[in-house]
Amino acid sequence: MEKQIYQALAKVMDPETKQGLVATDRIKNFRVLGNNVQFTVLLPNPQLKAHLELEINQALKKVPNLGSVKIFFETPHTHDHGHHHEHDHAHEDQPRLSARHILAVASAKGGVGKSTLAINLAIALSHLGNRVGVLDADIYGPSLPTLLGLKNMPPSLNENKTKMIPHEKFGIKSMSVGYLMGEQDAAILRGPMVGKLIQQFVDDVEWGELDYLVIDLPPGTGDTQLSLTQLLQISGAIIVTTPQEIALADVVRGIQMFRKVNTPIIGIIENMSQFECPHCHEITEIFSTGGGMLQSKKLGIPFLGSIPIDLATRISSDDGIPIVHANPTGKIGAIFKAIAQEIESKTEVAASPPIMIKL
C-alpha cells in the first residue's frame, strides 16, 4: 500500500513551483498503520494549504482500501492540521518531541489495570532494545509514582532551568503530575488547564531521542484524550479491557473516539482474563472469558493478547517494581514480551522509510 500511496502523492503538484511534492521531498514523517496513513507536508506558503489538502485527498481517493488519512501541514511559523473526511482540527505549534512512535494506552472504563499494563508494556519494549519514555497523562489519578517506586520525588531541572528532566528507572524515562504533587493532593483542574499541563509535559520535558513514548491515558473520552490527539501525531492507540460485557461496551466508545480523530487502533489487550490458583492450579474466569478477542473480531481490530490476574503482579506493583522487571522470564513477563514484539512489528512496518518513486 505504501507504494500506491506514494505513487498517488507523486502526482500532486505545487501550483506555484509546478513541482511535485514527492519529487521535491516535501512529504515527511510518513507512517502507515494497517490501512491508515499519516504524514507531514512542508508548506512554504500557508495560503496553499486548502488547495493542496483538496488535491492530496482527491489523489488518495484512488488508492484501493485506504482508510483514514491524517495530514499535518508544517510551515516555518505554524503547524496546521488537516485530514481526510469531514473533521478538521486546528493545531497550534507542534511540540518539539523526538519520538519515532507515540502509543496511547487507553480504556473508556476505569479499573481495568491500564496503568499497570502501560508501565509493564513500556519496560517490555525497552527489553527489546528500544529507548522508551512513559507519560502519565492521568492528571486526576496518577499511578506512575507508585508503580515505579518514585513517590515524593519531584523531577530536577536542566542546566538552563528551562526543562524538567524525566526520572529514569528500570530502563525507561517517565514523567507524571504525581511527581509534582504531594501523595494526598488531588488534582482539581478544568479542561483548558488540563490541556496546558499536558502540553507542558510534552514541550517542557527533556525527553531526548525516543523510539517509543507510551502515554498512559485516563479513563474516558474527555479533555486529556482530545488535547493529546491535537498536540501529537499519535502512531496508534492500544485499547485495554477486561472480559465482562460492561467493560466491552465501554471499549466501543473508546474506539469510536479515536476513530473520530483519525487515530489508528493498533489492537485490543484483554486484562484480568482469568485467575489460576497458586495451590491447586484451577483456572477461575472471574470476569468471564474471551470477550476481548470476540470484540476484536467484531470490530475488525487486532487482538494483541490476554493477561491473567496474577498475585505476583499486584505485589510487585505495590512495591514499585513492575513485574516485567522483577521477573522478565516468568509467565507474565513472557506475555508482555510477546505483546511488545507484536506492537513493535506493527509500528516498525508503519514507520518504514518512504518508498521514492522515480518519475
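In which helix does E344 lie? E344 belongs to helix 11, which spans residues 331-350.

## Model and confidence

The structure described here is a predicted model. Its pLDDT averages 79 over the protein, and 78% of the residues score at least 70. Residues 76-95 remain under 50, and the model gives this stretch 57 contacts beyond four places in sequence. The pLDDT is also below 50 over residues 350-359, a stretch with 20 contacts beyond near neighbours in sequence.

## Salt bridges

Side chains of opposite charge can pair when their charged atoms come close. The structure holds eight salt bridges. One of them joins K114 and D216, whose closest N and O atoms are 2.6 Å apart. Because K114 lies in helix 3 (residues 114-127) and D216 in strand 11 (residues 210-216), this pair ties together parts that are 102 residues apart in sequence. K114 counts as buried, at 6% relative accessibility, and D216 likewise counts as buried, at 2%.

Strand 11 also contains D211, whose side chain meets that of R131 in a salt bridge with an N to O distance of 3.1 Å. R131 lies in the loop between helix 3 and strand 6 (132-136), so the pair with D211 ties together parts that are 80 residues apart in sequence. R131 is partly exposed, with a relative accessible area of 42%, whereas D211 is buried at 7%.

## Buried charges without a salt bridge

E344 is buried but has no salt bridge; R100, the nearest side chain of opposite charge, is 7.0 Å away. Leaving aside residues up to four places away in sequence, E344 touches L128, N130 and Y212.

K173, in strand 10 (residues 172-176), is likewise buried and without a salt bridge, E168 being the nearest side chain of opposite charge at 4.5 Å. Beyond residues up to four places away in sequence, the contacts of K173 include V132, H167, E168, E206 and W207.

## Helix 9 and its ends

Helix 9 (residues 311-318) has T313, S316 and S317 as its buried residues. These residues cover an arc of only 100 degrees around the axis, which puts them on the same side of helix 9.

At the N-terminal end, D310 caps helix 9, with a side-chain oxygen 3.4 Å from the backbone nitrogen of A312. Just after the helix, G320 adopts a positive phi of about 75 degrees.

How values were computed: Residues numbered from 1 in each chain as written. Heavy atoms only, no water. Buried < 20%, exposed > 50% of the residue type's maximum accessible area, 1.4 Å probe, protein only. Helix = DSSP H or I, 4+ residues; strand = E, 2+ residues; numbered from the N terminus. Arc of directions from axis to C-beta. Polar contact = N/O pair within 3.5 Å; in protein donor to acceptor, adjacent residues only side chain to side chain. pLDDT = per-residue confidence, 0-100. Contact = heavy atoms within 4.5 Å. Lys, Arg positive; Asp, Glu negative; His and termini not counted. Salt bridge = Lys/Arg side-chain N within 4 Å of Asp/Glu carboxyl O.
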